[in-house]
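Subject: A structure for you to explore

Hello,

I am passing on a structure that I would like you to look through. Please open it first, and then read my notes below alongside it.

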Amino acid sequence: MVTHSGYAWLYVFADELRLVLGTNDTPLRPGEVAEFDTSTPHRFGPAHAEAVQILYLFGPHGDQPVNRTNPGAPGATGTPVGRFERES
């Protein structure tokens, strides 16, 4: 288990991820997400012998994902665009 300053987001694409946050041991399946303060003792990895495919984002403490979508805008495809912004 590790701790460090920051904030993390996980998204599982394929197979199963085992996420341990403090005393909570949680399996995450494809399409499931988790977000957590990395000052909480944590570890994660494949839940089984198979490799797991994830997207892992890490930012300084106080950052939050901001999803910007406007399907009605000229030329827009409706595909979400994400970025991070510092909390005020």
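Which residues make up the largest nonpolar core? There are nine of them: Ala8, Leu10, Val12, Leu17, Leu19, Leu28, Ala34, Phe36 and Val52. β1, β2 and β4 each supply at least two residues of this core, and β1 gives the most, with three. As background, nonpolar side chains tend to be buried together in soluble globular proteins.

Before going further, please keep in mind that this is a predicted model. The mean pLDDT of the protein chain is 80, and 68% of its residues reach 70 or more. Over residues 78-88 the pLDDT is below 50, although this stretch has 30 contacts in the model beyond near neighbours in sequence.

**How the strands pair**

Three strands form an open sheet in the order β4-β1-β6, with antiparallel pairing. The edge strands here are β4 and β6 (53-59), each of which pairs on one side only. From one strand to the next, the twist averages 15 degrees. Five bridges link β1 and β4 in the antiparallel sense. If you look along this pair, you will find alanine 8 opposite phenylalanine 36 in β4; both residues belong to the core listed above.

Now turn to β2. Five bridges join β2 to strand β3 (residues 24-28), and the two run antiparallel. β2 also pairs with strand β5 (residues 42-46), again in the antiparallel sense and over five bridges. Leucine 19 stands opposite threonine 26 in β3.

The hairpin of β2 and β3 has two residues between the strands, and glycine 22 in this hairpin takes a positive phi near 60 degrees.

For comparison, most residues other than glycine have a negative phi. Aspartate 15 counts as partly exposed because its relative accessibility is 38%.

Glutamate 16 lies in that loop too. Is glutamate 16 buried or exposed? Its relative accessibility is 18%, so glutamate 16 counts as buried, the cut-off being under 20%. The side chains of glutamate 16 and histidine 48 are joined by a polar contact of 3.3 Å. Leaving aside neighbours within four places in sequence, glutamate 16 is also in contact with other residues, including Pro27, Leu28, Arg29 and Val52.

Valine 12 is one of the core residues. Not counting residues up to four places away in sequence, valine 12 touches Leu17, Leu28, Arg29, Pro30, Gly31, Glu32, Val52, Gln53 and Ile54. Among these, Leu17, Leu28 and Val52 are listed in the core as well.

Valine 33 lies in strand β4 (residues 33-37). Why does valine 33 count as exposed? Its relative accessibility is 55%, and exposed means over 50%. The C-alpha atoms of valine 33 and leucine 10 are separated by 5.4 Å, although the two residues are 23 apart along the chain. Beyond the residues up to four places away in sequence, valine 33 touches Leu10, Tyr11 and Leu28.

Finally, look at histidine 42, which has its place in strand β5. With a relative accessible area of 4%, histidine 42 is buried. A polar atom of the histidine 42 side chain lies 2.8 Å from the backbone oxygen of threonine 40. Apart from neighbours within four places in sequence, histidine 42 is in contact with Met1, Val2, Thr3, His4, Val20, Leu21 and Phe36. Of these, Phe36 is one of the core residues.

Enjoy exploring, and do write back with your questions.

Best wishes

Note on methods
Residues numbered from 1 in each chain as written. Heavy atoms only, no water. Buried < 20%, exposed > 50% of the residue type's maximum accessible area, 1.4 Å probe, protein only. Helix = DSSP H or I, 4+ residues; strand = E, 2+ residues; numbered from the N terminus. Contact = heavy atoms within 4.5 Å. Core = buried A, V, L, I, M, F, W, Y, C linked by side-chain atoms within 4.5 Å. Pairing = 2+ DSSP bridges. pLDDT = per-residue confidence, 0-100. Axes fitted to C-alpha atoms, helices over the stretch in contact; angles between N-to-C directions. Polar contact = N/O pair within 3.5 Å; in protein donor to acceptor, adjacent residues only side chain to side chain.
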